[in-house]
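Hi,

Here is the structure I promised to pass on. Have a look at it first, and then read on for what I found.

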Amino acid sequence: QVQLVESGGGLVQAGGSLRLSCAASGSIFSIINMGWYRQVPGKQRELVAAISSGGSTNYADSVKGRFTISRTNAKNTVLQMNSLKPEDTAVYYCNALLTPTSPAYTANYWGQGTQVTVSS
């Protein structure tokens with residue numbers, strides 16, 4: 001069974017930094033993309049950053065220059081968040097577009113979410 005497990009959320013003051021990690025586990029044939037989304041109550045989940053298997057990255061305009069996404073290996077991604085602002089407060093979800101070994105259907109998988117709170 002494929003699982004995505006996030007870690008690293010917490011409470012930080014404005015201007016501070018946090019590092020989120022996501023590890024994919026289970027019988028995985030390939031991971032196409034990994035990314036981070038965030039959601040606040042009453043709003044849609046939004047893309048924060050994504051990275052392809054080839055290393056191409058994509059960022060929301062609101063985090064460009066402050067957040068950096070990377071893949072430490074084929075099954076792990078890290079989101080380094082610097083210069084955090086109160087408006088970055090949200091639940092952050094790890095996402096992966098991947099193909100399990102069986103059944104071999106490519107699909108989106110989600111982690112359980114981790115809270116990030118930035119105080120002013």
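This is a predicted model: local features need pLDDT of at least 70, side-chain atom pairs count only at pLDDT 80 or more; totals for chains, interfaces and linings use all residues.

Strand 3 (residues 18–25) and strand 8 (residues 76–81) run antiparallel, and six bridges join them. Strand 8 also pairs with strand 7 (residues 67–73), again in the antiparallel sense and over six bridges. One example there is Thr68, whose bridge partner in strand 8 is Gln80. To get from strand 7 to strand 8, the chain makes a hairpin through two residues. While you look at these strands, remember that side chains in a regular strand alternate between the two faces of the sheet.

Now zoom out. The chain has 11 strands and zero helices. Its radius of gyration is 14 Å, close to the 14 Å that the globule rule gives for 120 residues, so the chain is as compact as a globular protein of that length. Along the principal axes, the C-alpha atoms fill a box of roughly 45 × 25 × 20 Å.

The accessible surface comes to about 6300 Å², and carbon and sulfur atoms make up 49% of that. Among contacts with a separation of 6 or more, 56% are between residues 24 or more positions apart.

Last, the charges: there are 9 positive and 5 negative side chains, and the centres of the two sets lie 6 Å apart.

Cheers

Technical notes: Residues are numbered from 1 along each chain as its sequence is written. Side-chain values use heavy atoms; hydrogens and water are left out. Two strands pair if DSSP finds at least two bridges between them. Helices (H or I, at least four residues) and strands (E, at least two) are DSSP runs, numbered from the N terminus. The radius of gyration is taken over C-alpha atoms; the globule rule is 2.2 Å times the number of residues to the power 0.38. Contact means heavy atoms within 4.5 Å. Accessible areas come from the Shrake-Rupley method with a 1.4 Å probe; for residues, only the protein chains shown count as cover. Lys and Arg count as positive and Asp and Glu as negative; His and the chain ends are not counted. The place of a charge is taken as NZ of Lys, CZ of Arg, CG of Asp or CD of Glu.
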